[in-house]
Amino acid sequence: MGRVPNNPPPRRTPIDAVDRAIVRALAENARIPNNALAEAVGIAPSTCLARVRALQERGVIRGFRAEVDPAAIGLPLQAMISVRLRAHTREQNESFRSTAPDLPGVLAVFHMAGSDDYLLHVGVAGPEALRDFVVDNLTTHPAVAQTRTNLIFEQIAGRRYLSSEH
């Protein structure tokens, strides 16, 4: 179960400057060898390996993933779909929350505060597939009251973890 980014767990031990440097380097290149990572942040390889493991155990580093280009795997059209639920009951929320991540083409699901309840990032083969996704998976879902679809022209990666100020 994912954690809400703006609601961190209580009493998390803050990370120091070396840990921040490790996180920045891994965010830029998660495949960097330990020796190169250690050299980049100015510590011994054994210390670096121990710190990376500790960051994983503490939940600071949640995993290492391949960033895949959706167009390269046949999903050239991306969209953000806002979803508003019919009622804000636990049952309806859980019903949608449990099915949304497994819908075909869903790249990410965000549970939101505000006028919309969820935001889905989807990748599909084309306009017809997008229409079919919305009709077949969202408008027919009993918990869904309304959807709004916005096409993505371009995705520009942020450098939020690379800032030296945090």
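This is a predicted model: local features need pLDDT of at least 70, side-chain atom pairs count only at pLDDT 80 or more; totals for chains, interfaces and linings use all residues.
Residues are numbered from 1 along each chain as its sequence is written, and side-chain values use heavy atoms, with hydrogens and water left out.

**View 1. Helix α2 crosses helix α3.** Start with α2 (residues 34-41) and α3 (residues 45-57), whose axes come within 8 Å and cross at roughly 100°. This makes α2 roughly perpendicular to α3 (a word used for angles of 65 to 115 degrees). Helices here are DSSP runs (H or I) of at least four residues, numbered from the N terminus. Axes are lines fitted to C-alpha atoms over the stretch in contact, with angles from 0 to 180 degrees between N-to-C directions.

**View 2. Residues where α2 touches α3.** Asn34, Asn35, Leu37 and Ala38 of α2 meet Pro45, Cys48, Leu49 and Val52 of α3; contact means heavy atoms within 4.5 Å. Six of these residues are nonpolar, two are polar and none is charged.

**View 3. Helix α1 meets helix α3.** Here the axes of α1 and α3 come within 11 Å and cross at roughly 85°. Val18, Asp19, Ile22, Val23 and Leu26 in α1 touch Arg51, Val52 and Leu55 in α3. By class, this contact has six nonpolar, no polar and two charged residues. Look for the salt bridge between the side chains of aspartate 19 and arginine 51 (2.8 Å, N to O). Aspartate 19 sits in α1 (residues 17-28) and arginine 51 in α3, so the pair ties together parts 32 residues apart in sequence. A salt bridge is a side-chain nitrogen of Lys or Arg within 4 Å of a carboxyl oxygen of Asp or Glu, and the count by this rule is six.

**View 4. The lining of the second largest pocket.** Residues around this pocket include Leu85, His88, Met112 and Asp117. Helix α4 (residues 90-99) gives the most to the lining, with four residues. The lining divides into two nonpolar, four polar and four charged residues. A pocket is an open set of points on a 1 Å grid where a 1.4 Å probe fits, with protein on both sides within 12 Å along at least five of seven lines; lining residues have an atom within 4 Å of a point.

Notes. Helices (H or I, at least four residues) and strands (E, at least two) are DSSP runs, numbered from the N terminus. Angles under 35 degrees count as roughly parallel, over 145 as roughly antiparallel, 65 to 115 as roughly perpendicular and the rest as oblique. Ala, Val, Leu, Ile, Met, Phe, Trp, Tyr, Cys and Pro count as nonpolar, Asp, Glu, Lys and Arg as charged, and the others, Gly among them, as polar.
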